[in-house]
Amino acid sequence: FTEEELAHYGGEEEDQPIYMAVKGVVFDVTSGKEFYGRGAPYNALAGKDSTRGVAKMSLDPADLTHDTTGLTAEELKALDDVFTKVYKAKYPIVGYTARRILNEDGSPNLDFKPEDQPHFDIKDEL
């Protein structure tokens with residue numbers, strides 16, 4: 001998913017699934033519509049890669065990004081815990097963000113393998 005594609009799944013339309021990404025993994029959080037749907041408390045996280053916001057437990061628009069630069073060890077541990085115990089445990093994986101599978105120049109990362117990524121286990125993801 002590109003950022004533009006993911007934005008179409010922000011919970012604004014009733015008949016559309018709700019997606020959000022954490023650590024480059026796109027989850028279908030539609031079953032948590034009361035949390036992620038339009039007007040819901042965590043709707044700001046939907047339709048984007050909200051990795052930093054999840055790590056910081058923040059809904060600040062500046063934190064709703066994939067960028068983890070400058071996060072503390074405690075925040076990174078919280079991110080890993082929530083990623084594993086909430087998102088991977090509760091919601092189906094529907095894909096990956098383009099940033100995770102493309103090189104900086106936009107060309108495909110031919111070496112990308114989910115099992116090679118830090119903190120990921122292919123058996124748990126698929």
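Is Asp 63 buried or exposed? Keep that in mind while looking over the whole chain; the model on screen is predicted.

**Whole chain.** Colour by secondary structure. There are six helices and three strands. Starting at the N terminus, their order is α-β-β-α-α-α-β-α-α. The chain has 126 residues, and 39% of them count as buried. Among contacts with a separation of 6 or more, 54% join residues 24 or more positions apart.

**Stop 1: Asp 63.** Select residues 51-56, which form α3, and residues 73-90, which form α4; Asp 63 sits in the loop between these two helices. Its relative accessibility is 10%, so Asp 63 counts as buried, as buried means under 20% relative accessible area. Now show the residues around it. Apart from neighbours within four places in sequence, Asp 63 is in contact with Arg 52, Gly 53, Lys 56 and Ser 58.

**Stop 2: Ser 50.** Next, select α2 at residues 33-36 and find the loop between α2 and α3, where Ser 50 lies. With a relative accessibility of 0%, Ser 50 counts as buried. Draw a distance from the backbone oxygen of Leu 45 to the side chain of Ser 50: a polar atom of that side chain lies 2.8 Å from the oxygen.

Which residues is Ser 50 in contact with, leaving aside its neighbours within four places in sequence? Select Met 20, Ala 21, Ala 44, Leu 45, Leu 64 and Thr 65 to see these contacts of Ser 50.

Technical notes:
Residues are numbered from 1 along each chain as its sequence is written. This is a predicted model: local features need pLDDT of at least 70, side-chain atom pairs count only at pLDDT 80 or more; totals for chains, interfaces and linings use all residues. Side-chain values use heavy atoms; hydrogens and water are left out. Helices (H or I, at least four residues) and strands (E, at least two) are DSSP runs, numbered from the N terminus. Buried means under 20% relative accessible area, exposed over 50%, partly exposed in between (1.4 Å probe, protein chains only). Contact means heavy atoms within 4.5 Å. A polar contact is a pair of N or O atoms within 3.5 Å; within protein, one must be able to donate a hydrogen and the other to accept it, and residues adjacent in sequence count only if both atoms are side-chain atoms.
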